[in-house]
Amino acid sequence: MHTTKFHSDEGSGPVEQQERLLDFALMVERHPDNVAAALFGGFIGTYLLELDKAATEAASVPLAEVLPEYPPESGPEWGKDPPSPPPGIGSFVRFGWAPEIKALAIIPQFEVSTAKARGVLPTDYSRKDLVFNLQRLAVLTTALGQSPPSPELIYEAMKDRVHQPYRKELPTYIKSLHDLLSQTTANDTNVIKSATSALAKNYWTSPDCIPALFEIINSSPDQSIRQLAAVELRKRVNQHQGQLWVQVPQNIRAAIKSRITEVILAEPASIVRHNIARVISAIAQYELQGGSKQVTWPELIPWVEAACVASAAAHREVGIYVLFTIMDSLMDEITERLPTFFNLFSNLTRDPESSEVRVTSVRCLGQIAQYIDSHQKDEIKQFQALIPNIMDVLADCLGRSDEEGARHGFDVFETLLILETPLLSKHMPELVEFFLRCGANKNYETSLRIMSLNSLTWTVKYKKSRIQSLNLAKPILEGLMPIGTEEDSEDADDECPSRTAFRVIDELATSLPPSQVFPTLHTIVTQYMASSDAGQRKAALTSFAVTLEGCSEFIRPHMRQLWPLIDAGFADPHPVVRKAALSALGCTCEWLEEEVVDRHATILPVLLDMINNPDTQGAACTALDDFLEILGDTIAQYLPQLMERLSGLLDTAPNDVKGIVTGAIGSAAHAAKAGFLPYFEATMHRLQPFLVLTGEGGEQELRGIAMDTVGTLADAVGREHFRPYFQPVMNNAFEGMSLDSARLRECSYLIFGVMARVFEEEFAPYLDRVVPALIASCKQEEGGEDTAFAKELDELKKADKSGEPVDLSKLDSESIDIEDVDEEKELAVNSAIAVEKEIAADTIGTVFMYTRSHFLPYVEPCVHELAELLSHYYEGIRKSAVTSLFAVIQTFYELSSPTEWVPGSQVHVPLHQNVKDLISHVIPEIFVMWETEDDKNVVANICQSLSETLAKVGPGLAEQHLDTMVRFATEILEGKALCQQDPDQDEEEAEETEDQAEYDQVLISAASDLVAAFASILGPDFAVLFGQLFPLLKKYYSKNRSLSERTSTIGCMGEIISGMKGGVTPFTEDVFNLISQGFSDEDPEVRSNAAFAMGVLIENSEMDISGHYLTILTALRPYFVVAEGAPHAQFNAKDNATGCVARMLLKNSSSMPLDQVIPVFVGALPLKHDFLENRPHPTSTTCLLYSLLFSTLSPKI
C-alpha cells in the first residue's frame, strides 16, 4: 500500500486513458504516489499491480534507456520509437475531499534525501504498530471527505508509528549544529576545542551546513548564537572560492536568497544585522558576478535601493549597510549609475533620524571614491560637492562622542587623501581648518582629538603640494602651537594631543620647503619663550626640536640667534621646560653636529649639572648620550670626569635611567675609540649583570641597551682587546634571541653585525647558527601570533642545543587558511617585529661583507629572502633589503678575484659568470621595486647604494641595465619620479618650484651622485649622456636654490668631470660658466666644491682655458684668507683652491703671474683639511705639487 498524495489541479479524461498515461509515467518516475498526484490532481490513492514475468521485465527497463541522453550524432528520427510499457503497471482511486479543508505547503530550509529518510526505517515492525497504522488509514480516507470535517478525528487518524517515530530525529542536524556553536562560546577551553574540532570535522566540509546555519540565524533565540552562525555562514559561503555554496542545491540557494532579505529586516540586534549583511555580500560575490558574469540574483539591487529610501529608519540602516557590504560586487553597476547614487548619498548623509545611516553613507562614498578616475570630471565635481556633507557627518560624530562613527569618518578622509583622483583639492583650506578646529577642541574626547590631528598629518604628507601652493603652513602652525602648550601625558608612549600636534609640525618640516615653515615657527617660538606660561615655553622648544630634521640646513645659519633660546630653556625654573630644552639639544646634536661640538665647553657642564637633578636626570642622560656620540676627539679632556659620573649612576639610578646611562657610556666609547681602553674592563664588568636579565618590560629594554653598548665597546677597543669577551658575548646574544622578544632578537642581530665587522673571518664558525636566525626573522609575519617563526625558532633552539647546523630548506612559512585570518589583526602593524626584520635584513649584508667566502653557502637563500622584502609595506625593511642586496653584489664581485675594470660604454673586462648571474637576478627585482617606490628616502638609498656598487663593480654592473638606470635618474632630476608626486597633484601644482623640502633635496643629491657614477664607469663615453643630463643638473644651481642643492650641483660637476676626463671638452664653456657662479656663493662649502670642480675642468678639458686664469685667480684669492676659528668649510675651500691653482700651474703655468701666485700657493701647504686633495693619487694636489717642483716651477721657487 502506498501513501496517498494530494495535488491541487484535478486531471480529466477517460479512466482508461488516464491509467495508460500512468503506465507511461511510471516508466520514468517509479513512485506511483508521486506521479499519480502530479498527473491527475486531487486526493489520490495508488498501488502497483502484480505483473507476470514478461511484464515485470518490460517495466524494469533502466531509466537510462527510457530517457537516454540525446546522442550528438543522432538524426531527426531519434526518439520516435521509445520503449512501450506493459499495461496496468499501477492503478489509482480518487477519494472525496471536504471543501472546507484547504492545503498549506510548509517547506523547511533543509533537505532530507529519500535514501536518507528510508535509511532510518527499521526492516521489521511489530504487528501492533502495523495494526495501529492500518486502522487510522482506513479512518483517514473517510474523515478527509466528510463535510463539515472533524478536526479531532482527522488529528487522531493522522497519527503514525511506521515512519515518523524514526524520521523525527533527522532534523537534529540543525539542533546538533546549534549546540556545538553554543559550546564554542563556553568558558571551558576543553569544551571549546572539542566543539571546534567537531564542527570542522562533521559540518564545515558539507554543503548541508549552509542551509542549517541560515535556519539557526532565523530561529535561534540566542543573539550570540545568531551572530556566530552569521559569521560562520559567511565563511562557508566564501569557503574555497564559493565551491561549498555552489554545491548547495539550486532550489535551496534560491530559498535562502529569497528569505535572507526578510530575515535581516526582522533581526532586532544591530551587530547580527551587520553580520547578516556580510552574508549577503558573500552570496552576492557569486550570484551577481559569477564566472560567466551572469546575474543570478536580480532582485537584490532593487531591494537594496528600496530599503535605502524606506520610511522606517531601521530599514534604511539595513539597506545602506547591505549596500556598503556588497559594494565590491556591485561596483560595475554603481559606476554606470553614479549620478543616481550621488543623489542617493546626498540625501542619506543628511538622514534626519539615523546617525548610522549617515555614517554608513559616508563609508559607501569612501568605497565609490576608489573607482573614480581622474578623467571623470563630472563625477569628480559631483563627489566634491558631497565633501561638506562628509565633514558635517564627522563633526556630528565628534560632538556626540561617537568614537566608532568618527573613526569611520576619518578612515574615509585618509582614503581620499591617498587617492590619485583630486577629490579633496577644492576643499583643502576648509578641510585643514576642520581638522585643526577638531584637534583643538578640548570638549571632545582625547582620542577623537588625536584622530583629527592624525588626519591632519596625513593631509600634510599626501597633499604637500596643495598645502604649499595655498600657503597653509602658517595657519597650520598657528593652530597647532596652542595645542602643543597642553600638558603631556606622563608616559612618553601614551598618545596625547600635544605630542600629536608636534608630529604634525614634524611632518610639515619634512614635507614642505623650510622657508614656508621655519620663519613662521621662529616668530612663534620667540614669542612663546618670552611668555610666563611654562606650557608655551615647553611648546616653543619642543617645536624647534621636531623641526630640525626637515629644516636643519635652513636653520644652520641662524643657530647663533637660536642658542640663547635653548640656553634660556636650560635655566628655566620649570622642569618641563628644561626637559624640552634637553630634547632640543638632542635633536640639534643629530642634525647640526658641528654647531653643537663647537659649544662643548658650555654644554657639558650644563648636562652634568642637570643629571644631578631628579626632575631632569633621565632627559639629561638622554641628551648627554646624543652629545657624547658626536664629540669625537674632543671627549678626551672630559673622559675621566664623565666615566666617574656615569659609572656612579649605574649603581644608583633607577632601571630606566640606567638604560640611558648605559647608552651614554656606549656613546662615550664611540667618540673616544682607543682612548676608552682604560675604562673598558671595568665597564664590561659593570654591564655584566644587565646582560643576563630575563624579565619583561624594563629589564628586557635594559638588557637590549647593554647589548648595544657592548657592541660599541668592541668597535672602539678593537679585536685583540675584545677577544676574551667574544665567545661569551655571542652566547649571550644567542640566549637573548631565544627569549621570544623582538627587541632582544634585534639587539642580537646588531651584535652579530658588530662581531663580524670586528673579527671578520673569525666569525665564520657562528654562521650556521646566525644565518638561519636572520632568515627566520625575515620570513616572519607582522601582526598576531607568528606560528611560522615560532616553529623556525624552535628548530634553531634545537640546533643550538645539539650543536648541529640548521637545514635551511626546512625554514618555510606555514600556509594560513584565509578563513582563519582576522582582517583587523592582518592590517595591524607590529612595529617591534618590523624593526627586527629591518635589522636582520641589514645584518645579512654586513655579515657577508666581513666573513666573505665562508658565507657563500648561504648567499642563495639570503638573496631570495631579501628580494622578497623589496615589496614589504615598511620602508625601513625595503631600505635595508636594498642595502644588503647591493652589499651582496659587491662582496660577491670581490670574491671573484676580479681584474680592475676599465671605463667605457663597452665592457672591456668581463665579470665572472657567477657575478653576472647574481646581477641578472637582483637588479631586475630592484628595478621592479624602484618603479613603484613612493618613499623618497628609499629611492635616495637605492641611488646611493647603486652609485657605490657601480664604483666597485664598474661598467659590468650596468651592462644591459644602463638605459633603465639613466631613465630612473632622469625622472628624479625632472621631478617626475613617483615618490616626488602627490597622489592627486594638479597640473599647475606639478610645475616645478625652486623652493623644495630638504628631504626632496636629499633625493636630488643622491640622483646627482648616481649621474657622477655613470660618468665614472663610462669615462669619455659619458659625453653622449652628459648632453642630455647637464641641463637637468644645471637648473639646481641658482641663488634661490637651497644650500644642499647648490652644494650638490657644483660638487657633482667636479665628480662628473673627474670621471669623463677629456669627454667634457665639448661642454667646457657651459660647465665653466656654471662653476664660476659657485665662486661667489655665500656658502663656503659651495665655494669649496667650485674650486675643486674648476681645477678638474682645467686638468681634463682639451680646450684652452688659460685666458680665464686671471679671473679664476681673482675669484680664488679670498679663499686663502681664513681666520682662526672659522667654519671647517672655509679651510676645506682653501685646500681645494690650492688644488685648483696646482692644476692651473701644471696645465699652463706661463699664463699665470707666478711671482704673485707661488708665495700664496706655497704658504697654503701642507694641506690639512681636504684629504681628497691629499690622497696618494696622480691628480691630488700633493702629487701635482711634486710634479711642479721638479718641472716648470723649480726655477721659480
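Mentor: Helices are DSSP runs of H or I with at least four residues, and strands are DSSP runs of E with at least two, both numbered from the N terminus. This is a predicted model, in which local features need pLDDT of at least 70, side-chain atom pairs count only at pLDDT 80 or more, and totals for chains, interfaces and linings use all residues. Residues are numbered from 1 along each chain as its sequence is written, and side-chain values use heavy atoms, with hydrogens and water left out.

With those terms in hand, K1061 lies in the loop between helix 55 (1043-1060) and helix 56 (1068-1079), and its phi is near 55°, a positive value in a residue other than glycine. Most residues other than glycine have a negative phi, and most peptide bonds are trans. K1061 has 39% relative accessibility, so it counts as partly exposed, where buried means under 20% relative accessible area, exposed over 50%, and partly exposed in between, with a 1.4 Å probe and protein chains only.

H240 also has a positive phi, near 50°, and is not a glycine; this residue sits in the loop between helix 12 (223-238) and helix 13 (243-247), and it counts as exposed because its relative accessibility is 51%.

As for the cysteines, C397 is buried at 1% relative accessibility, and C1052 is buried at 3%, while a search of the whole structure finds zero disulfides, a disulfide being a pair of cysteine sulfur atoms within 2.5 Å.
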